[in-house]
Amino acid sequence: MLLLADEWNEYELIDSGGGEKLERWGDYILRRPDPQAIWPLVQEWEMWKKPHGHYHRSSKGGGNWEFYKRTPERWMISYKGLSFHIKPTGFKHTGLFPEQSSNWDWIIDKISSANRPVRVLNLFAYTGGATVASAYAGAEEVVHVDAAKGMIAWAKENIELSGLSQRKVRYIVDDVIKFVKREIRRGNKYDAIIMDPPSYGRGPKGEIWKIEDELFPLVELCMQVLSDRPLFFLINSYTSGFSPYVVENILKLSMGQKYAGRIYSGEVGIPASRNDLILPCGIFGRWEAE
């Protein structure tokens, strides 16, 4: 299954190739590296040559932005009823993964049509795209967990930008595994779980995370904080080389052993506006209640 993020107005993938992508974020054009765009760039036309900003990779790792036109430090874009701050960071990212809009739509549909209170746990929650979607859909409570204080602050801004400050959202700066273990001891339960685990990472106290070692045990842990009537379980991954069937199999061997429901997986992608190419942007696995 391929889910296309093709309902944006304020974001646009214009073109891709040669290891880079050209995007419009609101009124600003950015050129960034992308490891999936290994096909040749057909033509480096004028917009490629003079975007607002171009992120140059360094042979020593990392890189830097070069700005050709006046560009604010940050600005806002919206997707349907959701709003987000965009900011070019030192690691090429902008604080938002627009391909996730297909998952946001699904999250909103599941929560808004549940006809019951829904508590959501969002792990490795970054700047809160899924948190904003869950709050917008009317979740009774969203618990947003990330190890980086800066990402937590950014997520709070996105909730405020979206006019959702009155919604119940708890922001937790913590190692995800330690937090889930504490929730098990406390007896707290959630109806929906979302996670976007990194390939490799460190917690706030130096805890090591390797997705190939930790993902399945984490999913099993999370099952212990599910309510008696879980609504959905969503896993996203950007780990290079992972097939969607990796996360589908993990869900089958965990959620599928205990709960009736539908399990499926696939890729998320963005169609380019200048041609008929689709840029693949990651994988997902879903369990949803019948």
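Colleague: Which residues of helix α5 (residues 176-186) are buried?

Modeller: V176, I177, F179, V180 and E183. This is a predicted model: local features need pLDDT of at least 70, side-chain atom pairs count only at pLDDT 80 or more, and totals for chains, interfaces and linings use all residues. Residues are numbered from 1 along each chain as its sequence is written, and side-chain values use heavy atoms, leaving out hydrogens and water.

Colleague: What covers the buried residues of α5?

Modeller: The cover includes β9 (119-123), β10 (141-146), β11 (169-173), β14 (208-210) and α6 (211-223). Helices (H or I, at least four residues) and strands (E, at least two) are DSSP runs, numbered from the N terminus.

Colleague: Where is Y238 found?

Modeller: Y238 lies in the loop between β15 (232-237) and α7 (244-252).

Colleague: Why is Y238 called partly exposed?

Modeller: Its relative accessible area is 31%. Buried means under 20%, exposed over 50%, partly exposed in between (1.4 Å probe, protein chains only). Therefore Y238 is partly exposed.

Colleague: What makes the pairing of the Y238 and E99 side chains a polar contact?

Modeller: The distance is 2.7 Å. A polar contact needs a pair of N or O atoms within 3.5 Å; within protein, one must be able to donate a hydrogen and the other to accept it, and residues adjacent in sequence count only if both atoms are side-chain atoms. Therefore the pair counts as a polar contact.

Key. Contact means heavy atoms within 4.5 Å.
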